[in-house]
Amino acid sequence: MFLFLLSQKNLPLAQAEIASFYPISKTKDHYAFVSSKKKIDTPLAFTKTIHDILFSCSKKDLEKKIQTYNWNKKIQGSFCVRSVAHERELASAIWKNLKKPCVDLEHPDTFIHFFFLGKKVFAAKQIWKNTNTFLQRKATQRPGFYPASLDPQLALAMVNLSGAGRGMAIVDPFCGTGGILIEAAFSGRKAIGYDISEWMLEKCKKNIEHYNLKNVIFSVGDATRFQKKCHAIVTELPFGKNTKSQDLILLYFQFLENARRNTKRMVVSFPDFVDFRKLIKKSKWKIKESFLWYVHKSMSKEIVVLTH
């Protein structure tokens, strides 16, 4: 059993991102419990840390459980204990049960965490930590800058919501400067992009070359006409405020129609001023799940997972 500590930035989105790859047995507050025999190796955007649960017990049985547990089997090299309560006492109890104890508070080989959730305590070994490297790929950090680029954390989450595993192909037919392509490529997927604007693709090229990404291809293409079979389409729809709403709605509908011929699954970001449910129903897609994403006081987006 594994325990995932989730970002509270958008809990429903964080939970759905995990569920795209691993079965969630239960959730509590900003924690998710996962029972999976699959290797836990998908880089997640809205998970902070992942822990292998060593044991759980009541608070009153914790001291006895620590004394009888075989810590030598789980702790290799130096260790550090993290807990919201009794941290020093817990670390001391583990120390006494190790053959060659070595504490390193800064860079330990093994992190042991104690989670006090309700009446139970979970002892767990940290196996993954989100280093948030996507923050270094924000639009302002890229040579091909465009102000309306998708947040890289959200881009990675959308790629994960597609369910595409490593080596699988996702297509972004409105790729712009390549935000989704970049996060797909960094997380081990094949990324294919199209955009009708050569000017945007020049910026995309600068960004892809800047990160030296080899598993990305892109070209001029019309989102309403392209032909490319893929595991999933992942895209943010253009939402220029100066564009007539009827023109955008027609574009969206024609894109949704064409997408049906290329894939059975999509993750799409719709601007909040569009009746996306009506468009989706008309184009014969089905909504699997959707999530509201707040951008700023005058702008939100709806992240929608679609199937047919």
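The model is a predicted one, in which local features need pLDDT of at least 70 and side-chain atom pairs count only at pLDDT 80 or more, whereas totals for chains, interfaces and linings use all residues. Residues are numbered from 1 along each chain as its sequence is written, and side-chain values use heavy atoms, with hydrogens and water left out.

The protein chain contains nine helices and 14 strands, where helices (H or I, at least four residues) and strands (E, at least two) are DSSP runs numbered from the N terminus. Its C-alpha trace spans about 70 × 40 × 35 Å along the principal axes. Of the 308 residues in the protein chain, 50% are buried; here buried means under 20% relative accessible area, exposed means over 50%, and partly exposed lies in between, with a 1.4 Å probe and protein chains only. When contacts (heavy atoms within 4.5 Å) are taken between residues at least 6 apart in sequence, 68% of them join residues at least 24 apart.

Helix H7 covers residues 198–210, and its 13 residues, at 1.5 Å a residue, should span 18 Å, which agrees with the 18 Å between its end C-alpha atoms; the expected span is 1.5 Å times one less than the number of residues. The buried residues of H7 are Met200, Leu201, Lys203, Cys204, Asn207 and Ile208. Seen down the axis of H7, these buried residues fall within an arc of 155°, so they line one face of the helix, the arc being that of the directions from the helix axis to the C-beta atoms. On the other side of H7, the residues Glu198, Trp199 and Glu209 are exposed. The cover over the buried residues of H7 includes helix H6 (179–186), strand E9 (190–195) and strand E10 (216–220). Just after H7, Asn212 adopts a positive phi of about 55°.

Among the strands, E13 (residues 286–296) and E14 (residues 299–307) pair in the antiparallel sense over nine bridges, under the rule that two strands pair if DSSP finds at least two bridges between them. The two strands E13 and E14 form a hairpin with two residues between them, and His296 stands opposite Met299 in E14.

Aromatic side chains were examined next. Rings of Phe, Tyr and Trp (its six-membered ring) pair if their centres lie within 6.5 Å, and planes under 30 degrees apart count as stacked, over 60 as edge-to-face and the rest as tilted. By this rule the count comes to 15 aromatic pairs. One of them joins Tyr31 and Phe115 in an edge-to-face arrangement, at 5.7 Å centre to centre and with 75° between the planes. This pair links distant parts of the chain, since Tyr31 lies in strand E3 (residues 31–34) and Phe115 in strand E6 (residues 110–117), 84 residues apart. Tyr31 counts as buried at 12% relative accessibility, and Phe115 is buried with a relative accessible area of 8%. Tyr146 and Trp199 form another edge-to-face pair, at 6.1 Å centre to centre and with 80° between the planes. Here too distant parts of the chain are linked, with Tyr146 in the loop between strand E7 (120–129) and helix H5 (152–161) and Trp199 in helix H7, 53 residues apart. Tyr146 is partly exposed, with a relative accessible area of 29%, whereas Trp199 is exposed, with a relative accessible area of 53%.

A charge sits over a ring if NZ of Lys or CZ of Arg is within 6 Å of the ring centre and within 35 degrees of the ring normal. Lys26 lies over the face of Phe33, at 4.9 Å from the ring centre, and the charged end of Arg137 sits over the ring of Phe186, 4.0 Å from its centre.

Two loop residues complete the description. Ser78, in the loop between helix H3 (71–74) and strand E5 (79–83), is buried, with a relative accessible area of 7%. Not counting residues up to four places away in sequence, Ser78 touches Cys102, Asp104, His107, Pro108, Asp109 and Thr110. Lys138, in the loop between E7 and H5, counts as partly exposed at 31% relative accessibility. Leaving aside neighbours within four places in sequence, Lys138 is in contact with Asp151 and Pro152, while Lys138 and Ser149 are 11 residues apart in sequence and 8.4 Å apart in space, C-alpha to C-alpha.
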